[in-house]
Amino acid sequence: MDSQAISLVRSSFKAIAAVPDGPQTLSRSFYALLFARYPDARDFFPAAMDEQRDRLISAVQYVIERLEEESGQILAYLAQLGRDHRKYGIEDAHYVAVGNSLIAAVEQFPSTEPWTDELEQAWRDVLSVVAATMMDAANAESGPPAWGATVIEHLQVRKDVSIVRLQLDEPMAYTAGQYVSVQVPSRPRMWRYLSPANPANDQGIIEFHVRRVSGGWVSPAIVSQTLVGERWVIGSPLGDLGVRYDNGRDILMIGSGTGIAPLRAQILQMSQRGQDRRVHLFFAGRYPCDLYDLGTLWALAEQNPWLTVVPVTEEDEDPWWYTGPSSAALPGMHRRLTGKVGQVVADFGTWAERDIQLVGSEAMINTTKFRLHAAGTPPENIRHDPSY
C-alpha cells in the first residue's frame with residue numbers, strides 16, 4: 001500500500017481524535033449515514049449501539065496506526081475478522097456500504113483538516129485494502145460461518161465469575177490461546193469476545209471463564225442467567241496468541257483474573273503433547289479470592305516439572321464482602337507474592353530469553369509492558385491481543 005495514502009489517513013484520523021469527543025461524534029455520524037443510506041444494514045446490529053460505536057472507532061484506529069509498520073500482522077488480523085464476520089451473513093456489497101458511509105462521515109466531520117480529492121482517494125485506497133483483505137478471507141473459507149453450541153454445565157465459582165462448558169454441534173479447530181465471539185439467547189445480536197479455557201478437542205467441548213463487567217450488557221447475563229440446555233452461537237476463532245513451537249524458546253505467561261483462560265488452554269495442550277521448554281506462569285488478581293482456578297493450575301504444575309506457577313495478589317486478605325471458602329486453603333497459595341504483577345515479574349529480571357504473553361485488562365497489560373521494558377525486556381518478545 002502507498003505510504004503516502006497511509007500517512008494522509010493517519011493524519012486525518014489524528015485530527016478527528018484531537019477534537020473533544022471527536023471519535024464518538026464520527027462514530028455516531030457513520031452509523032446514522034449507514035442506516036439512512038442502507039436501511040437493511042440495521043438488522044446486523046444490536047438495539048443498544050453504545051458499545052458497538054466505541055468498538056468500531058477503536059478498531060479503525062487500531063488498524064490505521066499499525067497498517068504500515070506492522071502490515072503483515074494487521075493483514076492477518078483483518079483476514080481473521082473477515083472470516084469471523086461471516087456469522088452476520090455479510091456479503092461483499094455490505095463492505096462497500098460501510099466504506100462509503102465511513103468516508104462520508106469523515107468528510108462531514110467538523111475538523112480543521114481540509115477535505116481534498118487527494119485525502120478522499122487516500123481513504124478509499126486504505127479502506128479498499130481493508131475490505132478486500134476481509135472479503136478474500138471470508139470468500140475463501142469453506143467451514144461454517146458460526147457454530148451452534150448447547151450449555152452442558154454452568155458453575156458460578158464466585159459471585160461475579162462463572163465457568164460455562166458447552167457442547168459444540170461440531171468440533172471447532174482453534175489454536176489454544178485464540179478467542180472467539182459468542183452470542184447468548186438473552187442478548188441477541190450482542191457479541192462478546194471470550195477465550196476458550198481448554199484446547200480444541202474431537203469431542204467438541206469448549207469452556208469459557210466469564211467475569212461480570214459492571215455496566216456490561218452480556219457478561220452479567222452469562223454469569224447470572226445461563227441455564228443448562230440453552231443454545232449459544234460461537235463465531236470463528238481470532239487472534240494469534242499461542243505457543244510458538246518453531247523457536248524452542250522458554251515461555252513467560254502473565255494472566256490476571258479470567259484472563260488466565262487462554263494461558264490455561266495452552267498449558268493443558270502442552271501437557272497433552274509433552275514438551276521440554278520451561279513455562280513460568282504468573283496468575284494475578286487484586287485479592288486472593290480472584291485466583292479462582294489456582295487449584296487446577298497448581299495440580300498441572302505438580303504433574304509437569306517444566307511448569308512453574310506463581311500466584312500474585314495486590315492485597316494479602318480477601319475483601320470484607322467475599323463470603324466464599326477461605327482462599328488461604330487453595331493449593332499453592334503458600335507461594336503467593338504480594339504486589340502489582342508487572343512490578344513483581346520485573347523484579348525477577350528481564351526475561352529477555354523468553355517468549356512473553358500478557359492477558360488481562362488494558363491497564364494491567366500497559367503497566368506490565370512498561371515495567372518489563374524498563375527492566376530491559378525487548379519489546380518484540382511481548383505479545384498480547386488487541387485490548388480495545
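A salt bridge here is a side-chain nitrogen of Lys or Arg within 4 Å of a carboxyl oxygen of Asp or Glu. By that rule, Glu353 and Arg354 form a salt bridge, at 3.2 Å from N to O.

## The model and its ground rules

This is a predicted model, in which local features need pLDDT of at least 70, side-chain atom pairs count only at pLDDT 80 or more, and totals for chains, interfaces and linings use all residues. Residues are numbered from 1 along each chain as its sequence is written, and side-chain values use heavy atoms, with hydrogens and water left out.

## The annotated domain

UniProt, in an unreviewed entry, places the feature "domain: FAD-binding FR-type" at residues 144-244. UniProt positions follow the numbering used here, feature names are shortened, and annotations may be inferred rather than shown by experiment. The end C-alpha atoms of residues 144-244 lie 27 Å apart. The span is 7% helix and 38% strand. Helices (H or I, at least four residues) and strands (E, at least two) are DSSP runs, numbered from the N terminus.

## An open sheet

Strands count as paired if DSSP finds at least two bridges between them. An open sheet is built from 6 strands, in the order β4-β3-β6-β1-β2-β5. The pairing is antiparallel. β4 (192-194) and β5 (205-211) stand at the edges. Each has a single partner strand, so one side of each is left without a neighbour in the sheet. From one strand to the next, the twist averages 40°. Angles run from 0 to 180 degrees between N-to-C directions, and axes are lines fitted to C-alpha atoms, for helices over the stretch in contact.

Take β1 and β2 (residues 161-168). These strands run antiparallel and are joined by 8 bridges. A hairpin of 2 residues connects β1 to β2. Ala149 stands opposite Leu168 in β2. On to β5: 7 bridges join β2 to β5, again antiparallel. Arg165 has Glu207 in β5 as its bridge partner. How enclosed is β2? Of its 8 residues, 6 are buried, so β2 is largely enclosed by the rest of the structure. Buried means under 20% relative accessible area, exposed over 50%, and partly exposed in between (1.4 Å probe, protein chains only).

## Salt bridges

The whole structure holds 17 salt bridges. Arg354 is buried, at 2% relative accessibility. Salt bridges that share partners also join Glu153, Arg165, Glu207, Arg264 and Asp293 into one network.

Arg66 pairs with Glu65, and the closest N and O atoms are 3.6 Å apart. Arg66 is partly exposed at 24% relative accessibility. Glu65 is also partly exposed, at 40%. Next comes the salt bridge of Asp290 and Arg158, at 2.4 Å from N to O. This pair links distant parts of the chain, 132 residues apart. Asp290 sits in the loop between β8 (279-285) and α9 (294-303), and Arg158 in strand β1 (residues 147-158). Both Asp290 and Arg158 are buried.

Where does Asp293 sit? Its place is in the loop between β8 and α9. Asp293 is buried, with a relative accessible area of 6%. Contact means heavy atoms within 4.5 Å. Not counting residues up to four places away in sequence, Asp293 touches His209, Arg264 and Phe283.

Helix α6 covers residues 117-140. The expected span of a helix is 1.5 Å times one less than its number of residues. For the 24 residues of α6 that gives 34 Å, and its end C-alpha atoms are 34 Å apart, which agrees. Buried residues of α6 include Leu119, Trp123, Val126, Leu127, Val130, Met134 and Met135.

Pro20 lies in the loop between α1 (3-18) and α2 (22-37). Is Pro20 buried or exposed? Pro20 counts as exposed, at 70% relative accessibility. Its C-alpha atom is separated by 40 Å from that of Tyr322, 302 residues apart along the chain.
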